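Here is a friendly walk through a protein model, meant to be read with the structure open beside you.

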Amino acid sequence: MARLGQNLFFGLLSLLFIVAGVVKGSPQRRELLQPSSSRDHMAPKFLSRGQTFREVIGNNVILPCEVLDLGSYVVLWRRGAVVLTAGNLMITRDNRFSLIDGHNLEIRNVRPQDAGDYVCSIGSAENKEQTHTLEILVPPVIRGQPAGGSVTARKGGSVTLECKASGNPVPTITWTKKGPSGITRENIVEGFSLTLEQVDRHQAGIYQCSANNGVGTPATFDINLNILYPPEIEMERSWVHSGVGYEAQLVCIVHAEPPADVRWYKEAIQQDPNEQFSINNMGSKHFLSIRGVRQDNFGNYSCVAENSLGRAKKYMVLSGKPSPALFLSEAFSRGRDFYNLSWEVTSWPPLLEVKLMWRRVQMNDSLPVQGKWHDVILAPNPITASIGHVGKGGRHQGAYVIRPLQPGCAYEAVVQAKNKYGWNDVSEIHKFYTRSNSESLLDEANDVMDEAGPHASTKGMSAATHNLPHRTANLAVLLPLLALLIASCNFA
């Protein structure tokens with residue numbers, strides 16, 4: 001009953017202000033209701049101006065209403081048709097609203113529903129009004145689809161990741177993919193969804209959608225994309241060298257989801273762990289380790305991986321033969337009619353023979369056929385019983401001076417080595433060039449090679465020189481120079 005009486009009181013009070021001319025009505029009626037002294041008073045006017053206020057949710061805001069020469073007139077605040085204050089009297093029951101420093105309206109802890117137009121009016125003859133617009137800025141909130149943050153797709157299919165965001169202003173959504181260490185990569189795309197076509201294992205990972213509207217900090221949501229695919233095998237080395245009594249380790253790298261069962265075979269016989277063989281893995285790397293290699297351990301091995309989606313197999317060879325040769329010598333000779341060819345092979349048993357083969361090569365259209373192959377067989381030194389220098393890990397380094405050669409010509413060479421288990425595979429072709437008879441041309445070549453670094457050959461480096469600085473020659477200078485060098489070569 002008391003609340004009803006209070007409501008009736010405030011209603012009648014509002015009606016009284018309306019009749020008194022607070023809200024627009026008949027000017028004659030307002031004039032009759034005002035005292036004569038008020039009609040003679042100078043008309044009030046606003047010192048403040050209508051503004052638009054943008055405040056972050058939870059902050060406080062003050063809407064100014066400063067009036068000059070108010071006299072006996074009354075200031076009223078309203079929002080739409082709802083009266084908030086009349087004079088110094090608070091009409092609204094919301095205790096977040098208050099009048100401060102006169103007739104300025106303060107709103108504390110603003111909420112989204114507080115947004116809108118607020119009118120400060122004066123009950124004068126002109127019924128003056130001033131309007132402020134309040135916008136509430138809301139930091140972004142983001143929701144991912146699905147809410148659990150995990151999506152699974154099959155290899156070769158398509159998948160769409162979705163995020164929805166709310167806030168004021170409307171947030172912008174960007175997508176990024178996190179790297180292995182959790183570091184976010186560059187933006188992939190903008191929009192509420194990200195569609196990936198023909199997915200494979202490389203697309204698997206954590207995708208992050210981020211919503212940003214400039215208010216507060218961006219909101220993020222992580223979605224883990226899991227790709228299902230049959231096993232894929234990579235070989236660390238397809239050819240593995242060892243020797244009797246030594247150890248050997250075969251490695252295959254298996255990628256599969258769901259995880260694959262990995263088995264090792266020699267020829268068609270599955271290899272199980274025993275005193276000589278051990279099988280283990282470290283992440284995606286799978287190892288077959290052999291202790292005390294025997295003669296019958298040499299041969300063809302295979303790594304087989306299988307899961308519910310498929311099966312994969314890769315082959316490798318365990319051999320006692322020497323490894324293919326790697327060349328250590330630089331591409332340009334120090335002489336006009338000779339070249340110092342150096343190489344390295346790995347062999348646990350001593351080398352029995354090394355075969356070198358070389359020939360001139362065609363660099364332009366002047367020679368219809370390439371030069372014929374020349375070869376030489378190197379035998380072990382009678383004193384050291386080795387060919388060249390033998391270092392750690394069964395590394396054999398050898399060198400041979402090839403002569404006579406023609407100045408300013410291009411050549412190619414290959415090396416093959418033999419131990420008690422047989423000949424290794426022929427090495428990759430190594431190209432080299434002899435000096436020209438022209439000293440000025442030679443100096444230019446030396447300058448170019450100095451820029452290229454001491455090991456311009458890309459076929460291989462020794463352990464001692466592998467970490468030396470290596471610069472690449474300027475091809476724009478090197479290629480025309482080589483053409484001039486070869487043009488001076490007589491293939492007849």
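In this predicted model, five strands come together as an open sheet with mixed pairing, in the order S19-S26-S25-S21-S22. Strand S19 (239–241) and strand S22 (269–271) sit at the edges, each pairing on one side only. From one strand to the next, the twist averages 35°.

As a reminder, strands of a sheet pair through backbone hydrogen bonds, either parallel or antiparallel. Which way do strand S25 and strand S26 run? Strand S25 (residues 299–307) and strand S26 (residues 310–319) run antiparallel, and nine bridges join them.

The bridge partner of Asn 300 in S26 is Val 317. Along the chain Asn 300 and Val 317 are 17 residues apart, and their C-alpha atoms are separated by 4.6 Å. Leaving aside residues up to four places away in sequence, Asn 300 touches Tyr 265, Lys 266, Glu 267, Met 316 and Val 317. Is Asn 300 buried, partly exposed or exposed? Asn 300 counts as partly exposed because its relative accessibility is 39%, which falls between the 20% and 50% cut-offs.

**Charged pairs**

Side chains of opposite charge can pair when their charged atoms come close. In this model the count comes to 14 salt bridges.

| Arg 78 | Glu 129 | 2.6 Å |

Take the salt bridge between Arg 78 and Glu 129 to start with. This pair links distant parts of the chain, with Arg 78 in strand S5 (residues 75–79) and Glu 129 in strand S11 (residues 129–145), 51 residues apart. How do the two partners sit relative to the surface? Arg 78 counts as buried because its relative accessibility is 19%, under the 20% cut-off. Glu 129, at 36% relative accessibility, counts as partly exposed.

Arg 201 lies in the loop between strand S16 (193–196) and strand S17 (205–212), while Glu 232 is in strand S18 (residues 219–235), so the pair ties together parts that are 31 residues apart in sequence. Arg 201 counts as buried because its relative accessibility is 18%. Glu 234 is partly exposed, with a relative accessible area of 35%. Which residues make up the network of salt bridges here? Lys 155, Arg 201, Glu 232 and Glu 234 are linked in that network.

**The whole protein**

Stepping back, the protein has five helices and 35 strands. Of its 492 residues, 42% are buried. Among contacts with a separation of 6 or more, 63% are between residues 24 or more positions apart. The accessible surface comes to about 26,700 Å², and 53% of this belongs to carbon and sulfur atoms.

Terms used
Residues are numbered from 1 along each chain as its sequence is written. This is a predicted model: local features need pLDDT of at least 70, side-chain atom pairs count only at pLDDT 80 or more; totals for chains, interfaces and linings use all residues. Side-chain values use heavy atoms; hydrogens and water are left out. Helices (H or I, at least four residues) and strands (E, at least two) are DSSP runs, numbered from the N terminus. Buried means under 20% relative accessible area, exposed over 50%, partly exposed in between (1.4 Å probe, protein chains only). Contact means heavy atoms within 4.5 Å. Accessible areas come from the Shrake-Rupley method with a 1.4 Å probe; for residues, only the protein chains shown count as cover. Two strands pair if DSSP finds at least two bridges between them. Axes are lines fitted to C-alpha atoms, for helices over the stretch in contact, and angles run from 0 to 180 degrees between N-to-C directions. A salt bridge is a side-chain nitrogen of Lys or Arg within 4 Å of a carboxyl oxygen of Asp or Glu.
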